[in-house]
Amino acid sequence: MKSIAFALLALLLAGCATNATKVPSVAALPSLPHLAEPVPGTFTSGRLAPADIDSIRRSGIREVIDLTVDSETPGFDEAAAVRSQGLLYRNLAIAGATDLTLGNVQAFDALLRSATRPTLVHCASSNRVGALAALRAAWIDGVASEQAIAIGRSWGLKGLEGEVRTRLQAGPATDRSPANR
């Protein structure tokens with residue numbers, strides 16, 4: 001009888017623990033553009049709207065990593081909106097292909113390694129997210145180019161794939177600043 005009571009108590013406590021540490025699923029998140037979960041606990045998407053922030057919090061997301069520049073969303077202070085919901089907010093402004101540098105890939109890697117999961121990483125379309133993920137896979141994790149591209153696609157890589165392939169072929173040490181093209 002004691003073992004049955006103990007087993008029931010253990011099940012009850014396990015159920016409470018599960019509810020206390022809510023882990024979102026893609027289905028639980030609001031209808032975000034290009035939403036994916038490339039690795040457990042890390043979600044990617046396109047642009048967030050002001051109405052999305054409360055839903056993101058309620059879904060269980062604890063941190064938002066924004067790869068957009070502030071000028072992309074005039075009139076929407078995403079940092080303030082995210083923080084007002086009690087979520088962590090960090091920004092790594094990636095304007096486009098010229099910002100796909102080793103330094104930014106290292107900064108992206110540091111953000112992901114220190115992220116409070118579950119995390120949502122986004123840009124306007126998830127393309128820059130995927131580009132950085134592909135370069136991170138190759139330059140930081142040592143993954144072969146085609147596998148890195150596949151990883152990037154799972155994170156949202158689309159239109160920047162050609163730029164990513166060029167950088168993978170050239171290697172991370174090449175200076176790609178506009179003055180050196």
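How many aromatic pairs does a search of the whole structure find? In this predicted model, the search returns 1 aromatic pair. Its members are F108 and W155, arranged edge-to-face with 6.2 Å from centre to centre and 70° between the planes.

Of the 181 residues in the chain, 43% are buried. Among contacts with a separation of 6 or more, 70% are between residues 24 or more positions apart.

Helix packing may now be followed from α4 onward. Two packed helices are described by the angle between their axes and by the distance between the axes. The axes of α4 and α5 come within 9 Å and cross at roughly 95°. This angle lies between 65 and 115 degrees, so α4 is roughly perpendicular to α5. On the α4 side, the contact is made by L102, N104, V105, F108, D109, L112 and R113, and on the α5 side by V129, L132, A133, L135, R136 and W139. These residues divide into 9 nonpolar, 1 polar and 3 charged. F108, a member of the aromatic pair, is thus also one of the α4 residues that meet α5.

The next contact joins helix α5 (residues 127-139) to helix α6 (residues 145-155), whose axes come within 7 Å and cross at roughly 150°. Because the angle is over 145 degrees, α5 and α6 are roughly antiparallel to each other. Their crossing is right-handed. From α5, the residues involved are V129, G130, A133, A134, A137 and A138, and they meet A148, I149, I151, G152 and W155 of α6. The contact comprises 9 nonpolar and 2 polar residues, with no charged residue. W155, the partner of F108 in the aromatic pair, is among the α6 residues that meet α5. V129 and A133 of α5 take part in the contact with α6 and also in the contact with α4.

From α6 the description passes to helix α7 (residues 161-170), where the axes of the two helices come within 11 Å and cross at roughly 150°. The two helices are therefore roughly antiparallel, and α6 passes α7 in a right-handed crossing. Here S145, E146, A148, I149 and R153 of α6 meet E161, V164, R165 and L168 of α7. The contact divides into 4 nonpolar, 1 polar and 4 charged residues. A148 and I149 of α6 meet residues of α7 and also residues of α5.

Leaving aside residues up to four places away in sequence, S45 touches L32, P33, H34 and L35, together with L120, V121, H122, C123, S125 and S126.

Terms used. Residues are numbered from 1 along each chain as its sequence is written. This is a predicted model: local features need pLDDT of at least 70, side-chain atom pairs count only at pLDDT 80 or more; totals for chains, interfaces and linings use all residues. Side-chain values use heavy atoms; hydrogens and water are left out. Axes are lines fitted to C-alpha atoms, for helices over the stretch in contact, and angles run from 0 to 180 degrees between N-to-C directions. Helices (H or I, at least four residues) and strands (E, at least two) are DSSP runs, numbered from the N terminus. Angles under 35 degrees count as roughly parallel, over 145 as roughly antiparallel, 65 to 115 as roughly perpendicular and the rest as oblique. A crossing is left-handed if the near helix is turned anticlockwise from the far one by less than a right angle, and right-handed if clockwise. Contact means heavy atoms within 4.5 Å. Ala, Val, Leu, Ile, Met, Phe, Trp, Tyr, Cys and Pro count as nonpolar, Asp, Glu, Lys and Arg as charged, and the others, Gly among them, as polar. Rings of Phe, Tyr and Trp (its six-membered ring) pair if their centres lie within 6.5 Å; planes under 30 degrees apart count as stacked, over 60 as edge-to-face and the rest as tilted. Buried means under 20% relative accessible area, exposed over 50%, partly exposed in between (1.4 Å probe, protein chains only).
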